[in-house]
Amino acid sequence: MADHNSRLVQWLEVFKSNYGDQPHAQSFIQDTEAALAEYKAFFSSKFSKIYIDKHVQAKRAEGSILEYSLKWHLEQVHNGLKAGIPTDARHVDEFLNKMKTQNSLLIQWLEDFKAKYGDEEYAQQFILQVEEALAAYKKEIVPKLINVEIDKAVAAKRADGSILEYGLNWELEQVNNSIKGGLPSDHNKVDEYLKKMEAHKNRLVQWLEDFKSRYEMYEKASEPIKKTEETLASYKSFLGAKVAKINIDKMINARRADGSILEYGLNYELEQQDKAITAGIPKDERQVDTYLENLAKRNGRLRQWLEEFKLQYDEEEYAHQFINKVEAVMKRYLEDIMTKMVPVLINKARAARKADGSVLEYGLKSELDNFLSAIDKGIPTHQRYVDEFLLTLNRRRSNLIQWLEGFKSEYGDYKEAAATIQEVQDALSLFKNKIGAKMTKVAVDKARAARRADGSLLEYGFDNHVRTLKEKLDQGLPPKADVASQWLADVSKLNSALVQWTETFRSTYSEEEEGQATLHEAETILRRYTKVVGGARITQELQTALADRTLLSNGLDWHLQKVTDTLARQKATKVSPQSSDYVLLQQQQSLLIRFVEDFKARFAYVDGAQATIDKVQNVLKKCQDAIGAPPPSASSGDNNNNAVEGGAAAAGSGVLQRKYAYLYPIPVPVQSEKSNNNNNN
């Protein structure tokens, strides 16, 4: 009976977690709960006393937590309480350990017993007996046990596992005696003295933190805590300022050989920097770069040294004079050198050529002149020169963008740089206003005109392809079977190529005004194909796909509702990754994405399909807001790559295209391999 009951309880938990919100499941849940309640009533009235007695009398050999019966263990506790802690110190630890063991066993046994029989009236007498024994232990033994532990912690040596060498009293005595003796008169012994005192202090601080965390609330611990804190306070008042001054002087005088970042100490570094600033910028331009480089390196070393120094000694009054000295020299560097050099550096950046490390071939002025001149001329009217013009212009634009970003990162905070930044931005804005829209139109026209020989998916270009498909559809299905078969093959081939071309075109130009008319034209003829060729068959396939349960085992509507209901019961906008709903939503999200991608690929241009697509995508949007986007799969990554490459091939005359997202998102043709070879020849 017990086995049946246990299996039913486990089954019911799993069943309710999976189907507890389903109306059809309620009758099964109610029947099972009624059976379990009936079993409980029957068991309680007939067998509870038998099982409780067995549990109370059971020994460890019979599976109990207790070594012997409950009665035996209770007697051990009561006898120990009655005898009290031994007067012989040698037996105290043994007594306390035995009492702790009995207490621990009774606690574990009581928890297990309550979990099984806590609701049974007959069990209450045993629960009361154990709780009384535990309360007596807590009252009589625990305080004494704590006092013993405190005494042991105070007396413990390193050999016993303590951080203190020979116990607390010895450590305190060493520190107090050293304070009374004062600093050694022999300067050679000061470092050793300070090192020993620092070691004593660190051990006491660490010991005190651990001791207070365990015993601070107990009265017996107050005395060792007070003694330790008083000694640490004496250490601080006696040595704190002295040690800080010694360490500050050491850091100021430290050289690179001692581990400092400064070559010959702080005073030398400040003197060299002050002299260089006073001397001023060399009149010989050949020496300017070296002069500035040396100043910048020395300023960097001083800044790094100062940050470390302030981190350690900013609160020490003695340190403030040195902090002020360093900050004064650094301020002079900024005001006397950088403010004068910014215009010089800006002019150098403007004039720098590629040979000097710039991204611009012959400096900014030359690049802007050529860029603005090309914009002023506009896109060539002769088709042969369009690609070369666009390539050159966009290469210059890209170089200017890259140069501007580097220039702004270096000098953007200086007012002297504002005119240069505005000059470049004006040129880029002029490109956007005068060339951008025209380039998009040129690219769209090239995509429509591109043939298969140019890399397009369409044999003779978009216009010819649409016209041919329209003519075929106007003819209608021929009456003769053999001719009809060929007609179906032809229009299906034309339709398939146009579908692929449209999707790749859409990936590049769907957001461009110039591309929307072409997309509308393509979608119109594709829908007409669906009506003429597919008709009732396509509609039937659509309905079959909606009813299919191969992927969505409970049907589309059920899965959509499952996601909606799960999101509705979430109070927070984001679902915690630790919750069971998070896993459920991830699973449903994956299934719905696979469904809608397949559905769109098959029925995107079928009347009535868009409503289903929108419905699924709306639910997926809510799901993504709650748990985030799904990780990209390998297949989706391949599809994306194909779409980009296909779209690029379809959009240009045998060329790949890429979108410039900076400033203005327009497709830019790149020369084909064929044209490159011709140019090389």
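1. Arg452 counts as partly exposed, because its relative accessibility is 44%; the label covers the range between buried (under 20% relative accessible area) and exposed (over 50%), found with a 1.4 Å probe and protein chains only. Its salt-bridge partner is Glu459, and the closest N and O atoms of this pair are 2.8 Å apart. A salt bridge here means a side-chain nitrogen of Lys or Arg within 4 Å of a carboxyl oxygen of Asp or Glu. Glu459 is also placed in the partly exposed class, because its relative accessible area is 35%.

2. Some notes on the source are needed before going on. The model is predicted, so local features need pLDDT of at least 70 and side-chain atom pairs count only at pLDDT 80 or more, while totals for chains, interfaces and linings use all residues. Residues are numbered from 1 along each chain as its sequence is written, and side-chain values use heavy atoms, with hydrogens and water left out.

3. How many salt bridges does the rule give? The count comes to 41. One of them joins Glu263 to Arg256, where the closest N and O atoms are 2.8 Å apart. Glu263 is partly exposed because its relative accessible area is 31%. Arg256 is partly exposed as well, because its relative accessibility is 42%.

4. Another salt bridge links Asp625 with Lys621, and its closest N and O atoms are 2.9 Å apart. Both residues belong to helix H23 (residues 609-627) and are four residues apart, about one turn of the helix. Helices are DSSP runs (H or I, at least four residues), numbered from the N terminus. Asp625 is partly exposed because its relative accessible area is 36%; Lys621 is partly exposed because its relative accessibility is 48%. Elsewhere, salt bridges with shared partners join Glu269, Arg298 and Arg301 into one network.

5. Which two helices have axes that come within 10 Å and cross at roughly 145°? They are helix H12 (residues 285-313) and helix H13 (residues 320-351). The axes are lines fitted to C-alpha atoms over the stretch in contact, with angles from 0 to 180 degrees between N-to-C directions.

6. What kinds of residues make up the contact of H12 with H13? They divide into 18 nonpolar, one polar and five charged residues. Nonpolar here means Ala, Val, Leu, Ile, Met, Phe, Trp, Tyr, Cys or Pro, charged means Asp, Glu, Lys or Arg, and the others, Gly among them, are polar.

7. Phe322 is a residue of helix H13. Is Phe322 buried or exposed? Phe322 is buried, because its relative accessibility is 8%. Along the chain, Phe322 and Lys310 are 12 residues apart, and their C-alpha atoms are separated by 9.9 Å.

8. Asp289 has its place in helix H12. Asp289 counts as partly exposed because its relative accessibility is 43%. Which residue is 56 residues from Asp289 in sequence and 9.9 Å from Asp289 in space? That residue is Leu345, and the distance in space runs from C-alpha to C-alpha.

9. Tyr51 counts as partly exposed because its relative accessibility is 37%.
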